[in-house]
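Here are some friendly notes to read beside the model. Keep the picture open and find each residue as you go.

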Amino acid sequence: AARKRIPSEEFGLPGSRKYPMPDKSHAANAKARATQQVKAGNLSPASKAKIDAKANRVLGKSKGKSK
């Protein structure tokens with residue numbers, strides 16, 4: 001029920017409502033899970049890039065910085 005209340009914009013893949021990122025800990029976890037799924041062959045690198053970009057915005061990271 002709680003997951004259904006999360007707006008679609010807060011998901012890494014909003015169309016399929018996967019990889020929720022309501023806060024920084026969820027964003028970091030989404031990046032880690034996306035990496036695992038690419039390695040397992042279950043997620044495309046393009047989808048991972050979308051998830052990473054969204055997670056970086058939530059985490060407050062810019063493209064030039066590595067924290």
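1. Helices here (H or I, at least four residues) and strands (E, at least two) are DSSP runs, numbered from the N terminus. Please keep in mind that this is a predicted model, in which local features need pLDDT of at least 70 and side-chain atom pairs count only at pLDDT 80 or more, while totals for chains, interfaces and linings use all residues. Residues are numbered from 1 along each chain as its sequence is written, and side-chain values use heavy atoms, leaving out hydrogens and water.

2. How far apart are the end C-alpha atoms of H3? They are 20 Å apart, which agrees with the 21 Å that its 15 residues should span at 1.5 Å a residue. The expected span is 1.5 Å times one less than the number of residues in the helix.

3. The structure holds 1 salt bridge, meaning a side-chain nitrogen of Lys or Arg within 4 Å of a carboxyl oxygen of Asp or Glu. Lys48 and Asp52 form it, with their closest N and O atoms 2.4 Å apart. These two are separated by about one helical turn, because they lie 4 residues apart in H3 (residues 45–59).

4. Is Asp52 buried or exposed? Asp52 is buried, at a relative accessible area of 15%; buried means under 20%, exposed over 50%, and partly exposed in between (1.4 Å probe, protein chains only). The buried residues of H3 also include Ile51, Ala55 and Leu59. Among the elements covering them are strand E1 (11–13), strand E2 (18–20) and helix H2 (24–40).

5. Now look at how H2 and H3 pack. Their axes come within 9 Å and cross at roughly 160°; axes are lines fitted to C-alpha atoms, for helices over the stretch in contact, with angles from 0 to 180 degrees between N-to-C directions. H2 and H3 are therefore roughly antiparallel, the word used for angles over 145 degrees. Residues of H2 including Ala27, Ala34 and Val38 meet residues of H3 including Ile51, Ala55 and Leu59. Contact means heavy atoms within 4.5 Å.

6. Finally, find Met21 in the loop between E2 and H2. Met21 counts as buried, at 2% relative accessibility. Leaving aside residues up to four places away in sequence, Met21 touches several others, among them Gly12, His26, Ile51 and Val58.

Notes. Parallel < 35°, antiparallel > 145°, perpendicular 65-115°, else oblique.
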